[in-house]
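I opened my notebook for a first look at this one.

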Amino acid sequence: MTEQERLQRTGSERTDASATETTSETTSATDLADELDSLLDEIDSVLEENAEEFVRNYVQKGGQ
Amino acid sequence: MAVAKVLGIETEYGVAGGPDGDPITASTLIVNAYAQHEHRRIAWDFTDETPGRDARVQPTESFPPAIEIHLANTVLTNGARLYVDHAHPEYSSPEVRTPLEAVLYDQAGELVMRQAMETCNTTFDPAHAVRLYKNNSDGKGNAYGTHENYLVDRSVPFTDLVRGLLPHFVSRLVYCGAGKVGSETDEARGYGTTFQLSARAEFFEEVVGLETTLKRPIINTRDEPHSDPERYRRLHVINGDATMSPVATWLKLGVTSLLLSYIEHRGVEALPPAPTRPVRAFRAFARDESLTATTPTDRGEWRALDYQEALYELLSTFVATEGADDVAPSDEVTGLLAEWRRCLDALATTPDLLSDTVDWIAKRRILRAYQDRYHCGPLDARLRAIDLQYADIHPARSLASRARLRHLFSEDDISAAVSTPPASTRAFFRGTCVARFSDALVSANWDSLVFDVGSGPLQRVAMMDPLRGTAALTEPLFNSVSNASELVVALNG
């Protein structure tokens, strides 16, 4: 993909996004909730099982 | 034309695991695994390093470089440096010509780290596997950096850079903050902070200074140009977060580049007023999810969004009259300004619309939904785990890669950038020499290469101008030589 095409793609996605905003808000809200729900399911399936221990054990030496 | 805004990002990755749990061991294994995987190991040449030189003072004597020279290091065919810095593996991207290119090579760095981790972990059982995180702190008060570098005209007084950049550096976190659960310093804890826009802001204690590891300053004065010091300054920016969202990285680099170009052309007269207490402003804006906090200036109270709106007005007008060829081609600059505009509009009305663009908003969306589902408190260990795992670069564990962030480059583009140098700077010359003549390459650094051509003394090739050594300038030369010896002869000829 050339830089020009990439920027055009960014531009067209932006147009799509604003188009979505102006359509029925309830539909898009439901879609968003469904999408978020499936995202959470996905996160549940990969999130460390023992969060407490995982977070406690992550200790770094300071850097710059 | 003002100085081309050659730029790049260096990132110290968080590191966990390894055979003995020691971060230096794990970091060394990562760097060595990649060098082994590539069958190359190029030493770093410290001759011209002066990290102790301060932009505010005239150098009267040379400072000894405070660098741990025994640590693992290699130089990649894309022109980047991969090495152990303090107790972290660090990827310093090759210098590039535009912010968008810098995003590509920053993402290539994530892939380099992932490949290094996979190679390294083939020798360990899962319990001792090394894990890498593109983040900036451990949640316990230890911070490590993501530094931006910009080539700036030496004739701009450093005091102008300080004055001109402060309004931007305290407020840009509204779109390029990584987000963080909780707080790690006494002051932020005192405010009962449960979520911050920036991971780094609370670690900053000074306005201007030379330090990078303690008493961190918003504006760092390290004066180590890695190029002709008479013409150039390399502005070393240490106050930013490591971002996973490509668009956020693009905005972080692009807006800062435009502002630097503006300061070079127009000075600082028309810029928004500097905050009266910059450190306090930076930290307060980081704690302010509502985006309503204000900071005092000599022209009234300003919100972070007021600063960004004023900068947008100034810079978009500037681009319309002057262009910004020194930052990027006009189509990239136009796209960048449109993206910035979109962010500011959404931040002012419906920030959640930016959950595909801004890391702190993407992260917060997940955290809030998780809280709703499991009814946990705002500092629950599971939320901290989500925060940490957002930055995990392993595909099986990464949450950022599942967060529906918008991409600017395809996987093929990023994969190609792991091995191919940018055509637009001297990184092309460096990377191509590593790819073709690594057997004869004794050492390298940002502004020179040292070859052992078999007979006679070692040959040092200087690259003091970041804009020379590009593909356009050196490809015919590379096509005409078949080994390092011929290359050196041709360069001396």
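Which way do B:R81, B:Y83 and B:D85 point from β5(B), and which way do B:L82 and B:V84? I found that B:R81, B:Y83 and B:D85 point one way and B:L82 and B:V84 the other way, and all are buried (20 or more other C-beta atoms within 10 Å of a residue's own, with C-beta atoms placed from the backbone). In a regular strand, side chains alternate between the two faces of the sheet.

A note on the source: this is a predicted model, where local features need pLDDT of at least 70, side-chain atom pairs count only at pLDDT 80 or more, and totals for chains, interfaces and linings use all residues. Residues are numbered from 1 along each chain as its sequence is written, while chains are lettered from A and ligands numbered from 1 in the order in which they are written.

Strands here are DSSP E runs of at least two residues, and helices are H or I runs of at least four, numbered from the N terminus.

Then I looked up its partners, where pairing takes at least two DSSP bridges. Strand β4 (residues 73–75) of chain B runs antiparallel to β5(B), joined by three bridges, and B:V75 stands opposite B:R81. Strand β6 (residues 88–92) of chain B also pairs with β5(B) in the antiparallel sense, over five bridges; here B:Y83 faces B:E90.

Last, I stepped back: chain B has 15 helices and 18 strands.

Notes:
Buried ≥ 20, exposed ≤ 12 C-beta atoms within 10 Å, placed from the backbone.
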